Amino acid sequence: MGSIPINLLRSSLRATSPRFFVASSLQNSTFNSTIGRTLTSRLLLPSAFIHASRFYNSQSTKLSDSKLLDVKGEKIPLGRIDFAVSNGLPRITVPLPTQGGAEMKEHSFMLHPKLTLSNLYHQIREHGGDIQLVHVHDSLKNLSVGARWTAGASIDDLIQESTMSDAKSFYIIADDTKVLVRMPSFEERTASLRSQLINLQSRIDALNRVKHKCDAQANRTSQLISVGGFAGLCSYWVVMAKLVWVDLGWDVMEPFTYFSGIGMATVGYLYFLITKREFNTDSVSDMAATQRQLKLYVENGLNIDLYQHLTQQADKVRNEMERIKASYNLNP
């Protein structure tokens, strides 16, 4: 085989930008079938081949009119990306011609967002019959073929840009077969998340009814302790005033007042050693309310650990929906 032009190699390895326009087709067919596939396969990580073998599925189908789109008089097969899968990875389903091109066969591949498009190219060539060349192109607003993506671009970049584009789709061109892969809408993509959130929220609401009842009782206990503390101080002042000015006098009561003050300081320091909290009215009332809450939770059969776990899971689902919403450029 003759020497390969240096500009041809540079265009094949170019990865400074996720996509670029192809000015002209490659002329060397030998390069296309041998060197081109070798260069692409070298971009694959070892885990990519394991990924392809574990998460591949195919189904022979005859495409119906609902799976064909008329674009400027050309019937183009439709593919799709599905995010509602059990392992959390997006799944792409593309119809590809079988050997001889008599019928179309749908192939499903799991897409790891961190891998490159060369992984997808490898899977399509491996399972798509006699397919030699595979490229991904942008889909413009009028559904015409746009810029071509390099094999070194990440799958995550393709998904993000296709989601934010006006067409909400991209093209996979395998030899002479053109497939339009459409991205799901925000409602379709978050359907499973919304169902999961509804299920979590229903369980949280059931626990919330019990929790609010227990919290209300605990707050009343805290208020009673605060009122009781105030009443105790008033009673102490009345007793000390009677003993000082009526019964015994200041000369007798002065040591008692001194030792009672030291005793209160000792009690406060002991409270700090036990609870690691400062001794004041807020700390004492909060401590009493917390202890009362935990006791009421047990008495009413409320699993507070389960409640906190469900709340955290619901927050994670909401955050994921907000992240997806941001990728669709939807207004808050």
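Arg80 stands opposite Thr93 in strand E5, and that pairing is a handy way into this predicted model. Arg80 also reaches out to another partner: it forms a salt bridge with Glu106.

**The strands around Arg80**

- Arg80 belongs to strand E4, which covers residues 74-82.
- E4 and E5 run antiparallel, and three bridges join them.
- On to the next pairing: E5 and E6 are also antiparallel, with seven bridges between them.

**The Arg80 and Glu106 salt bridge**

- The structure has six salt bridges in total, and the one between Arg80 and Glu106 has its closest N and O atoms 3.9 Å apart.
- The cut-off for a salt bridge is within 4 Å, so a pair at 3.9 Å counts.
- What does this pair tie together? Arg80 is in strand E4 and Glu106 is in strand E6 (residues 104-110), so the contact links parts that are 26 residues apart in sequence.
- Arg80 is partly exposed, at 42% relative accessible area.
- Glu106 is buried, at 7%.
- As a general idea, side chains of opposite charge can pair when their charged atoms come close.

**Two salt bridges inside helices**

- Asp215 and Lys211 meet through their side chains in a salt bridge, at 2.9 Å from N to O.
- Why can these two be found about one helical turn from each other? They are four residues apart in helix H7, which runs over residues 191-247.
- Are Asp215 and Lys211 buried or exposed? Both of them are buried.
- Arg318 and Asp315 make another salt bridge, with 3.2 Å between their closest N and O atoms.
- Arg318 and Asp315 are three residues apart in helix H10 (residues 304-327), so about one helical turn separates them.
- Arg318 is partly exposed, with 33% relative accessibility.
- Asp315 is partly exposed too, with a relative accessible area of 36%.

Technical notes. Residues numbered from 1 in each chain as written. Predicted model: local features only at pLDDT ≥ 70, side-chain atom pairs only at ≥ 80, totals over all residues. Heavy atoms only, no water. Buried < 20%, exposed > 50% of the residue type's maximum accessible area, 1.4 Å probe, protein only. Pairing = 2+ DSSP bridges.
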